[in-house]
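Have the picture open while you read.

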Amino acid sequence: MVPMCQRITSKPASPMIPNSSYEPHVRARRPGGRPDEKPKYRVLVHRRFLMYYNELADRVGLKQAQQFWDHVSQDPGNPDPIASTCFLRGRSGRPKGPGWSRTIHYEVSSSARIDYQYHDAYTTEPDSDPHPVVAILTINYSSH
Amino acid sequence: MSDVIFLPTDLASKRLEFLDAARNGQARLRDKDGTSLVMLPESRLRLLETLAKWWQAYMRLESFLRRTELPRASELGELAWLRSFERDDLEEFMSELHDALVAATADEDTVALDDCIRAWRITARQLEDPLRRSVLVGPHVPEDYVEASEPHDSE
């Protein structure tokens, strides 16, 4: 099985983030060999939900999983033309900090939902280059 | 309120006028015993029922939040799904619900109200799980995030 998430370990970790696998200057590749657009947004997932993310294609089918990927990696701030989305409310919906969006709840299927925020100019340290990022906060596979 | 009041005998002789009045909002009919009856489009009846239900819920919740302690699930009844929320979230819900009710009443359309309730119910569901809750309401910690790549076929 090809892993859906990868940890990049070829470069040293950021000095600000010891032992972090996150590298801000390496874009995620588009696996599968399809010559589509490069991702505009780096896509990150909370490590506690990495296992769930790895199951996404098996859970909802490759087509829907890739549709989610295309949405968040290209245009996470606009409504998806197919999937249902909404902002979470209350504290759960508030931006995680300056520059972060509100939390968007994306229904990949009737039994798979993903919450994410995006940041158009994210930096991991004060002097680093700003880059657009999507952070997947949670994944929920229970049906409503 | 319609000025025209139909009589039971009009249901035969003025059937089309009666139905037109109902279709256009409401048709009033005075029964033989004096009871006033109204026929109206079902969509309007549903709108009025929905608004009445949620205004009532709003008032009930408002009275709960005047107390120091948060309402228990048994007190919330149909609104027990709100038990996932802390006080500040409940107050935000109340404020948004009020705005949605005013908009729905003015628009004679429950779209804004439905969207509001749906989003809060979804949020409550996401908060039911302790892990999801901790990530959703917790601060952003960069070290907690790892690179995700596009979904692949597992074969």
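## A hairpin to start with

Which residue stands opposite A:Ser109 in β4(A)? It's A:Ala112. Keep in mind that what you're looking at is a predicted model.

That pair belongs to a hairpin: β3(A) and β4(A) have two residues between them. Strand β3 covers residues 104–109 of chain A, while strand β4 of chain A covers residues 112–122. The two run antiparallel and are joined by five bridges.

## Building up the sheet

Now look at the other neighbour of the hairpin. Strand β2 (residues 84–87) of chain A is linked to β3(A) by four bridges, and this pair runs antiparallel too. Here A:Ser84 sits opposite A:Glu107 of β3(A).

Elsewhere, strand β1 (residues 42–46) of chain A and strand β5 (residues 131–140) of chain A run parallel, with four bridges between them. A:Val43 has A:Val134 in β5(A) as its bridge partner.

Put together, you get an open sheet of six strands, in the order β2(A)-β3(A)-β4(A)-β5(A)-β1(A)-β4(B), with mixed pairing. At the edges you'll find β2 of chain A and β4 (145–147) of chain B, each pairing on one side only. From one strand to the next, the twist averages 35 degrees. As for what holds such things together, strands of a sheet pair through backbone hydrogen bonds.

## Helices on the sheet

Helix α3 (residues 62–74) of chain A packs on the sheet and touches β1, β3, β4 and β5 of chain A. Its direction makes about 155 degrees with that of β3(A).

Chain B sends a helix over as well: α6 (residues 111–127) of chain B packs on the sheet, touching β2, β3, β4 and β5 of chain A. The direction of α6 of chain B makes about 85 degrees with that of β2(A).

## Two helices in chain B

Finally, find helix α3 (residues 42–65) and helix α5 (residues 87–107), both of chain B. They pack at an angle of about 150 degrees, with their axes 10 Å apart. Angles over 145 degrees count as roughly antiparallel, so that is how α3(B) and α5(B) lie relative to each other. Their crossing is left-handed.

Who makes the contact? On α3(B), the residues include B:Leu51, B:Trp54, B:Trp55 and B:Tyr58; on α5(B), they include B:Leu90, B:Met94, B:Leu97 and B:His98. Sorted by class, this contact has 11 nonpolar, two polar and two charged residues.

Methods
Residues numbered from 1 in each chain as written. Chains lettered and ligands numbered in written order. Predicted model: local features only at pLDDT ≥ 70, side-chain atom pairs only at ≥ 80, totals over all residues. Axes fitted to C-alpha atoms, helices over the stretch in contact; angles between N-to-C directions. Parallel < 35°, antiparallel > 145°, perpendicular 65-115°, else oblique. Left-handed = near helix turned anticlockwise from the far one by under 90°. Contact = placed C-beta atoms within 7 Å. Nonpolar A, V, L, I, M, F, W, Y, C, P; charged D, E, K, R; others polar. Pairing = 2+ DSSP bridges.
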